[in-house]
There are 2 protein chains.
Amino acid sequence: MITVALDAMGGDRGVAATVEGAAKLSREEVDIRVLLVGDVPQMSRVLAELRYDPTRLVLVDAEGYVRMHDKPRDALDANPKCSVLEAARLVQRGEAQALVSSGHTGAAILAAADCFPMMPGIRRAALASVYPTEARHGPKGDPFALILDIGATLAVGPADLVGFALMGSAYSEVISEIRAPKVALLSNGTEPTKGTPAIVDAHRRLLGGPLNFVGNVEGLDIPRGIVDVIVCDGFLGNVVLKMLEGVSEVFMEIAREASSRSLQWRIGLSMLGGGLKELRRLTDFNVYGGAPLLGFEEVVIKAHGRSSPRAIRNALKVAAKAVRGDLIGRIRDGVAALHLDQEAS
Amino acid sequence: MITVALDAMGGDRGVAATVEGAAKLSREEVDIRVLLVGDVPQMSRVLAELRYDPTRLVLVDAEGYVRMHDKPRDALDANPKCSVLEAARLVQRGEAQALVSSGHTGAAILAAADCFPMMPGIRRAALASVYPTEARHGPKGDPFALILDIGATLAVGPADLVGFALMGSAYSEVISEIRAPKVALLSNGTEPTKGTPAIVDAHRRLLGGPLNFVGNVEGLDIPRGIVDVIVCDGFLGNVVLKMLEGVSEVFMEIAREASSRSLQWRIGLSMLGGGLKELRRLTDFNVYGGAPLLGFEEVVIKAHGRSSPRAIRNALKVAAKAVRGDLIGRIRDGVAALHLDQEAS
């Protein structure tokens, strides 16, 4: 049985979505137990309306939570018993093996940094996101790729990029079950000399290393999905990922608007059927549950603030899968193989 | 009469596309003369097959050109009489008022740097690109926005970003005829504290300045078109623009493939008519002729390497419009108003 601590407060859809997601999971999975951390009276009220397996759901009390507009450092310092810190401490004390939060992203990163040691050899954390692509790489299901960092570390050195590459590759192997994932650096050209000094140096270090490093990719290659793991600094990754979300939203808005304006459009859209679904899938990545926060000695999954119950359930399953697949151990082995620990010390 | 020097060699479609574009323009515009710079025998052969106005087309000889895979600095040094340098020198000597090239981008930037002084107060050049958006801002035609830098200057300081903002705003006013264009910095959050130190500092300098500066925008806002001018460093801009191109290509491929597979799809697509055209337009920006290279004392337009004759003709018209609208003078006035010249000296 794997136990996951879920910060049940603070998502945009509130406690209702997180509790419902956990309740859903309790009915279908036999080997995951969820500690719901938050306001117990609130959580109980939601739970009273739902079907769930009480042997796999435990309520743990916390006092308040970090709101989306709070300054995360100030909020955590002002309220050391808030839900995300209490959930992280359950993992720290060994009462749970993974942390999942759909609350404030910055607060989740700081709570992890407060409660968990960094992996030896890793100096900076990275938040990773799965996004849909055109080409099929994984062993099953829809095609997708992983991009990291998407916002945990804005400024990086070459060793940080190498660390991100390593962590992304391990995550892709354990969670997406891709053998020897193709890893690339995001740059302004495919030649090894292209990019910032940190990218050029990281490129050199990754060549001939143990990862399946295929070189640099350009912006063009992001939606194409020609690699499994794309590595960049958190500033670039944040802009890129939000732009993909923006393209998706614009696409859906135009389709919706046009379809409401015209019967002919509605008929046309319905005739497109599966083809349109494929286009839609490409521009919709709210289906993916959680973004792993990598670099700590514990498994941390950040679910999107707007997560639905289904997305929460997926994030909990991903967290359990990471524990089962020993994601942390794999990254630790990778660090040793790359000799990152000597460099970083 | 405005005279434009056109580097007629080196685009992916070769001399045929550039000469045809110039020939087209000669028949329709009365106040633009084009100096076609390149291999005269080759250009003559193309011209012999076309209708054109010989009073508005002049052939100027050059020896060879920079190929797409050449290292631009080496190629220019090895061949000082190549087409892009000869074309730039025509502008330098006052025989033409603007330079247009569809050849190697790096070579065009270096040729400009070799032949033209930088604008006072501007330390780094920026390449800008117009791209289609959802929202309508310009006075007429399809909605679009300008993004710069997209690759001329990879690493920037705050004064460079302020300079890019100024140049992009002036270009948007003169060419797109937008009054007081909305200018924004691209960052990982809208708050003034978000972004790299250079962005945070540039934000502070732009606030309360003479431009219509609206703050930071995020990746989400790029396709939405909520501002007219988006400012970023050349590394980020390059990745972002190529990603927009990639999304476009993936979209078109899927539509093409599905439509070839199924009659129902073909009928569905044809019923969508104008709505589909709108979606397509949003993901297709090869319609826009040229990317201005800003920061020099002369007008320079870089046409896309894959430019069609129509795109070449558009780039020539944009160059002439920039001269007529005194783009350079407007930027010079803007520099004075922002006191960038003191800072930079």
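Let's begin with a facing pair: A:Leu293 stands opposite A:Val300 in β11(A). Keep in mind that this is a predicted model.

| Strand pair in chain A | Sense | Bridges |
|---|---|---|
| β5 (residues 126-132) and β10 | antiparallel | two |
| β10 and β11 (residues 299-303) | antiparallel | four |

How buried is strand β10, residues 290-294 of chain A? Five of its five residues are buried, so the strand is largely enclosed by the rest of the structure. In a regular strand the side chains alternate between the two faces of the sheet. Both faces of β10(A) are covered: A:Ala291 and A:Leu293 are buried on one side, and A:Gly290, A:Pro292 and A:Leu294 are buried on the other.

The link from β10(A) to β11(A) is a hairpin with four residues between the strands, and A:Gly295 in that hairpin has a positive phi near 125°.

Now hop over to chain B and two of its helices. Two packed helices are described by the angle between their axes and the distance between the axes. For helix α1 (residues 14-28) and helix α11 (residues 309-324) of chain B, the axes come within 7 Å and cross at roughly 60°. The crossing of α1(B) past α11(B) is right-handed.

Who touches whom? On the α1(B) side you'll find B:Ala17, B:Thr18, B:Glu20, B:Gly21, B:Ala22, B:Lys24 and B:Leu25, and they meet B:Pro309, B:Arg310, B:Ile312, B:Arg313, B:Leu316 and B:Lys317 of α11(B). Sorted by type, the residues of this contact come out as six nonpolar, two polar and five charged.

Several residues of α1(B) are buried, including B:Val15, B:Val19, B:Ala23 and B:Ser26. The buried list also takes in B:Glu20, one of the α1(B) residues that meet α11(B). What covers the buried residues of α1(B)? The cover includes β1 (2-7), β2 (32-38), α2 (40-48), β3 (57-61) and α11 of chain B.

One last stop is B:Arg204, which sits in helix α7 (residues 197-206) of chain B. B:Arg204 counts as partly exposed because it has 13 C-beta neighbours inside 10 Å. Its C-alpha atom lies 10.0 Å from that of B:Val162, a residue 42 positions away along the chain.

Technical notes. Residues numbered from 1 in each chain as written. Chains lettered and ligands numbered in written order. Predicted model: local features only at pLDDT ≥ 70, side-chain atom pairs only at ≥ 80, totals over all residues. Buried ≥ 20, exposed ≤ 12 C-beta atoms within 10 Å, placed from the backbone. Pairing = 2+ DSSP bridges. Axes fitted to C-alpha atoms, helices over the stretch in contact; angles between N-to-C directions. Left-handed = near helix turned anticlockwise from the far one by under 90°. Contact = placed C-beta atoms within 7 Å. Nonpolar A, V, L, I, M, F, W, Y, C, P; charged D, E, K, R; others polar.
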